[in-house]
Amino acid sequence: MISSSHEAMHGIFTYDAAAVGRAFRVLRLPFPDPIAVEQISVDLTTTAPVERRADTILRVTTAEDEFLLIVEAQSCRDLTRIAAWSYYVTFLHNKYELPVVLVVVCHDKETAAWASKPLTLTYRGWTTFTLQPMVLGPHNVPAITDPAEVLADLPLAALSAITHAREPEINAILEAIIVAFRRRGSDDETEFYAELIEQGISHTDAAQLWRDKMDMDLAFFRSESAQRLRAQGREQGRAEVRVEEAAHAVVTVLTGRGIELSVAQRTVLAETVDVDQLHAWLLQAVTATCAGELFD
């Protein structure tokens, strides 16, 4: 779940790795298109008692090479980020021995203008370190106001809405997205981007327009078929929880009675999705003298 406007600004890249290539094209960079993108740990803490955590870190593989992409969300000018971003870049370069590219996503022109300049660590005119982020903001992300363009590229449309959240064209962008969603109908992808956009613009006046339009115009999100699909999804989720709880109970009872499970037996248990079978094993576990009585 997207929990804040900050997370929404970089959540596009986490949810849809193809957005990486789109960002390169927006910036008109001569980078090869990614053929594989893997999310890696954002925890950059070392043994020192200082927590360092980037927003999103991706390992990008192209037909020619590999590199790491750091995606950071920035909502205001903040000089402390220079030291933090410098740390991220150098830490990851040393750890993975790969080139590192920093992308900063902004949703106002002032912050984008600040982040676009070379950021330096200096002392009395001597520059020790210069950092040059790639910046995505209202100055270079296109304002997507055509529903056809929205349907052709939902990640770019969402990025357009988030980066233009405080710009005059935001109303036209949101109108185009809503029309496109209505044409496409409700599915997992439209619901994800609807939530992401709402969170991404939640700090702006445009958020109320988005909520009002969603309530008035997007009846398909509340249609009988959409509700049925969501109900099926919830039921499937509850079933998965029941399976997980039953399997955990089997392990707990056996372990509590001093009975160890082999790797093969744990694999069988983990791969079993029949909750009735799991409950049967749970009853056997209460009296069994060895795990083989359940699984062999």
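How are H6 and H8 oriented to each other, roughly parallel or roughly antiparallel? The structure examined here is a predicted model, in which local features need pLDDT of at least 70 and side-chain atom pairs count only at pLDDT 80 or more, while totals for chains, interfaces and linings use all residues. Residues are numbered from 1 along each chain as its sequence is written, and side-chain values use heavy atoms, with hydrogens and water left out.

Two packed helices are described by the angle between their axes and the distance between the axes. The axes of H6 and helix H8 (residues 188–200) come within 9 Å and cross at roughly 15°, where axes are lines fitted to C-alpha atoms, for helices over the stretch in contact, and angles run from 0 to 180 degrees between N-to-C directions. H6 and H8 are therefore roughly parallel to each other, a term for angles under 35 degrees, with those over 145 counted as roughly antiparallel, 65 to 115 as roughly perpendicular and the rest as oblique. Helices are DSSP runs (H or I, at least four residues), numbered from the N terminus.

In the contact between these helices (heavy atoms within 4.5 Å), Leu154, Pro155, Ala158, Ala161 and Ile162 of H6 meet Glu189, Tyr193, Leu196, Ile197 and Gly200 of H8. By class, this contact of H6 with H8 has 8 nonpolar, 1 polar and 1 charged residues, with Ala, Val, Leu, Ile, Met, Phe, Trp, Tyr, Cys and Pro counted as nonpolar, Asp, Glu, Lys and Arg as charged, and the others, Gly among them, as polar.

Glutamate 189 also takes part in a salt bridge with arginine 184, at 2.8 Å from N to O; a salt bridge is a side-chain nitrogen of Lys or Arg within 4 Å of a carboxyl oxygen of Asp or Glu. Glutamate 189 is partly exposed at 24% relative accessibility, and arginine 184 is likewise partly exposed at 35%, where buried means under 20% relative accessible area, exposed over 50%, and partly exposed in between (1.4 Å probe, protein chains only).

A search of the whole structure finds 5 salt bridges. In one of them, glutamate 167 pairs with lysine 109, the closest N and O atoms being 3.6 Å apart. This pair links distant parts of the chain, 58 residues apart, with glutamate 167 in the loop between helix H6 (154–163) and helix H7 (170–184) and lysine 109 in helix H4 (residues 109–116). Glutamate 167 is buried at 12% relative accessibility, whereas lysine 109 is partly exposed at 43%. Arginine 81 forms a salt bridge with glutamate 72, with 3.1 Å between the closest N and O atoms; arginine 81 is buried at 18% relative accessibility, and glutamate 72 is buried at 2%.

Notes
Helices (H or I, at least four residues) and strands (E, at least two) are DSSP runs, numbered from the N terminus.
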